[in-house]
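Hi,

Here is the model I promised you, with the sequence alongside. Have a look at it first, and then read my notes below.

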Amino acid sequence: YMGYELQVSAAQLAVLLALNPAARLTARDLLAATQLVEKELLFALQVLCRGRVLVTNPPIDAATQLPPDQAFAVNLEFRSAHRKVPLHTATPKDAPDGDPALKVVDVDRKYAIQAAIVRVMKARRALSHQELMAQVFAQLRSFTPTVQDIKKNIDNLIEKEYIDRAADAATTYHYIA
């Protein structure tokens, strides 16, 4: 991979290092060499194959189990338009608990979004949905929330009776003192 900088997770790096001295390894060999859990190895291999860094036949994109005799090899014809190739950004969709630190961050962000909404509504008393969204984005500089996160927290605050929708205009919110 001359000229490319692959940005990979630890599991993906373990797979690439195991394949470094060998031209081709089976899933069984990779399990032994990396000492990863099978699901973690499967996910790492899926991401590396999807990114065309590894080649295998048949493809394992939708596989839920790793065939032990499936062979994997480094794609010597790998090409990318970018010098840096990010492969580490994906996470398994069926991760059981995830990282506890990420859960804490998500909870902290939820409260930060709700606090920003309440601050804006307390200062303005009544706002349209678009104005509220713009004000919340402006207040939250430490991270950029998604529109869905803000909408979900607006609905939570409506349930908690901090704000309510205007009866005459569905896109207007009122602060409840």
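Predicted model: local features only at pLDDT ≥ 70, side-chain atom pairs only at ≥ 80, totals over all residues.

**What I found**

Let's start with β6 and β8, which pair in the antiparallel sense over three bridges. Two strands count as paired when DSSP finds at least two bridges between them. Helices (H or I, at least four residues) and strands (E, at least two) are DSSP runs, and their numbers count up from the N terminus.

Residues are numbered from 1 along each chain as its sequence is written, and side-chain values use heavy atoms, with hydrogens and water left out.

**The β6-β8-β7 sheet**

That pair belongs to an open, antiparallel sheet of three strands, in the order β6-β8-β7. At its edges are β6 (126–128) and β7 (163–165), each pairing on one side only. Ignoring direction, neighbouring strands here are turned by 25° against each other on average.

How many residues lie between β7 and β8 in their hairpin? There are six. The two strands run antiparallel and are joined by three bridges, with β8 covering residues 172–175. If you want a spot to look at, D164 has H174 in β8 as its bridge partner.

Two helices go with this sheet. Helix α5 (residues 129–139) lies across β6 and β8, at about 95° to β6. Helix α6 (residues 147–159) packs on the sheet too, touching β7 and β8, and its direction makes about 100° with that of β7. For these angles, axes are lines fitted to C-alpha atoms (for helices, over the stretch in contact), and values run from 0 to 180 degrees between N-to-C directions. Contact, here and below, means heavy atoms within 4.5 Å.

**The β2-β4-β3 sheet**

There is also an open sheet of three strands in the order β2-β4-β3, again with antiparallel pairing. β2 (24–26) and β3 (54–55) are the edge strands with a single partner each, so one side of each has no neighbour in the sheet. β2 is joined to β4 (residues 71–74) by three bridges, and R24 stands opposite A73 in β4. β3 and β4 pair over two bridges, and there L54 is opposite V74 of β4. Helix α2 lies across β2 and β4, running at about 90° to β2.

Two packed helices are described by the angle between their axes and the distance between the axes. For α1 (residues 10–19) and α2 (residues 27–34), the axes come within 10 Å and cross at roughly 110°. That makes them roughly perpendicular (angles under 35 degrees count as roughly parallel, over 145 as roughly antiparallel, 65 to 115 as roughly perpendicular and the rest as oblique).

(Ala, Val, Leu, Ile, Met, Phe, Trp, Tyr, Cys and Pro count as nonpolar, Asp, Glu, Lys and Arg as charged, and the others, Gly among them, as polar.)

On to α2 and α3 (residues 38–50): their axes come within 11 Å and cross at roughly 115°. They are therefore roughly perpendicular as well, and the crossing is right-handed. A27, L30, L31 and T34 of α2 contact E38, L41 and L45 of α3. That contact splits into five nonpolar residues, one polar and one charged.

**The whole chain**

Zooming out, the protein chain has six helices and eight strands. Along its principal axes, the C-alpha trace spans about 70 × 35 × 25 Å. The radius of gyration is 24 Å, whereas a compact globule of 177 residues would be near 16 Å (taken over C-alpha atoms; the globule rule is 2.2 Å times the number of residues to the power 0.38).

Cheers

Notes
Left-handed = near helix turned anticlockwise from the far one by under 90°.
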